[in-house]
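Subject: Structure for you to look at

Hello,

Here is the structure I said I would pass on. Please open it alongside this email, and the notes on what was found follow below.

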Amino acid sequence: MPPTAEDRRDRAEEPLRREVVSFTRRGGRLTERLQGAWDDLAERFVVDIPRGRTSTSVAEGFTLDPATLFGREAPLILEIGSGRGESLVHAARENPDTDFIGLEVYVPGIAQTLLSMRHHGVENIRLIIVDAVPALSRMLPAECLDELRIWFPDPWHKTRHHKRRLVSDEFVPVARRALKPGGVWRMATDWQDYADQMLDVVGRAEGFTTSGDWAERFPGRPVTRFEAKGLAVGRAIRDVDAIKMSA
Ligand SMILES: C[S@@+](CC[C@H](N)C(=O)[O-])C[C@H]1O[C@@H](n2cnc3c(N)ncnc32)[C@H](O)[C@@H]1O
């Protein structure tokens, strides 16, 4: 897809970025159908936040209160990289008394999620176009999440790109800050090498407890396109989870 004006701006700003991010911006124009869903629903379900230097950043000092966002107090589950919303919408339908936040930088994915929310009449989701790291490090309140989910994160399979993987030792304090004591951090991937890394990361993560082995496949996750692609080429799907301990 040709780069959008936003992509070009992000790239131009790249030298100003201090840290390596776990994504590349993709996108382009929305199809008519997706644009229609966006026009009808974004104002209500896509949270508009003030930005710092880039279009996926969060302005310094800006905070978001989930209870205000949803207009109620309810258990809160957040998915990083919610993609087209397959898992998120499924989970929100199955759990109407729980609130769900999807963080995603891929705008067509967000628009597709809106379309799916409308199709299924789902309203307990809010979507934010943002890099999850600043969002969880300082935008959302500490210890606000009952669950943190990362399904099929970009594998960055070349060794020289491993530093871009989201699930790393550096991410542990971010997850620890965001989760309530007793909160669950769930992940899944079809890349064995990344699965091994996830297991190592949670195995030595301060403040978390884990079985030290693969978790059972999480029953609340439908088979998404990414999972199906992995299965189609014979890759094993690995689930990894950890629980944040009480202090
Ligand atoms: C491989 S896709 C998987 C999508 C979805 N979880 C699924 O299973 O279908 C990974 C997604 O994570 C998003 N992503 C990667 N790093 C992110 C970050 N730091 N913050 C928010 N989204 C991110 C990407 O834009 C991409 O859509």
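**What was found**

At 12% relative accessibility, E147 counts as buried, since the cut-off for buried is under 20%. Please keep in mind that this is a predicted model.

E147 forms a salt bridge with R186, and their closest N and O atoms are 2.9 Å apart. E147 is in strand 4 and R186 in strand 5 (residues 179-189), so this pair ties together parts that are 39 residues apart in sequence. R186 is buried as well, with a relative accessible area of 16%.

**Other salt bridges**

How many salt bridges does a search of the whole structure find? The search finds 15. Two further examples are given here.

D99 and R72 meet through their side chains, at 2.6 Å from N to O. D99 lies in strand 2 (residues 99-104), and R72 lies in the loop between helix 3 (66-70) and strand 1 (76-80), so the bridge ties together parts that are 27 residues apart in sequence. D99 is buried, at 2% relative accessibility, whereas R72 is partly exposed, at 30%.

E123 and R44 also form a salt bridge with their side chains, at 3.1 Å from N to O. This pair links distant parts of the chain: E123 sits in the loop between helix 5 (107-120) and strand 3, R44 sits in helix 2 (residues 32-45), and 79 residues separate them. E123 is partly exposed, with a relative accessibility of 46%. R44 is also partly exposed, with a value of 48%.

**The largest pocket**

The largest pocket holds about 830 Å³ of space. It is lined by 36 residues, and the closest to its centre are R26, E104, F152, D154 and F226. By class, the lining has 15 nonpolar, 10 polar and 11 charged residues.

Which elements each supply at least two residues of this lining? They are strand 1, helix 4 (86-94), strand 2, strand 4 and helix 9 (225-232). Helix 9 gives the largest share, with 3 residues.

**The listed binding site**

UniProt lists E79, E104, D131 and D154 under "binding site", in an unreviewed entry. These residues span 76 residues in sequence, yet no two of their C-alpha atoms are more than 13.9 Å apart, so they gather at one spot. The lining of the largest pocket includes E79, E104, D131 and D154.

Two of the listed residues can be described further. D131 is in the loop between strand 3 (125-129) and helix 6 (132-139). Is D131 buried or exposed? D131 is buried, with a relative accessible area of 7%. Apart from its neighbours within four places in sequence, D131 is in contact with E19, V21, F23, T56 and V105.

D154 is in the loop between strand 4 (145-151) and helix 7 (172-178). At 41% relative accessibility, D154 counts as partly exposed. Leaving out residues up to four places away in sequence, D154 touches S22 and Y194.

To go through this yourself, begin with the pair E147 and R186, which form a salt bridge. Then turn to D154, which is among the residues closest to the centre of the largest pocket and is also listed by UniProt under "binding site".

Regards

Key
Residues numbered from 1 in each chain as written. Predicted model: local features only at pLDDT ≥ 70, side-chain atom pairs only at ≥ 80, totals over all residues. Heavy atoms only, no water. UniProt positions renumbered as here; feature names shortened; annotations may be inferred. 1 Å grid on protein atoms, 1.4 Å probe; cavity = no way out; pocket = protein on both sides within 12 Å on 5 of 7 lines; lining within 4 Å. Helix = DSSP H or I, 4+ residues; strand = E, 2+ residues; numbered from the N terminus. Buried < 20%, exposed > 50% of the residue type's maximum accessible area, 1.4 Å probe, protein only. Contact = heavy atoms within 4.5 Å. Salt bridge = Lys/Arg side-chain N within 4 Å of Asp/Glu carboxyl O. Points joined across faces, edges and corners; volume = space filled by probe spheres on them. Nonpolar A, V, L, I, M, F, W, Y, C, P; charged D, E, K, R; others polar.
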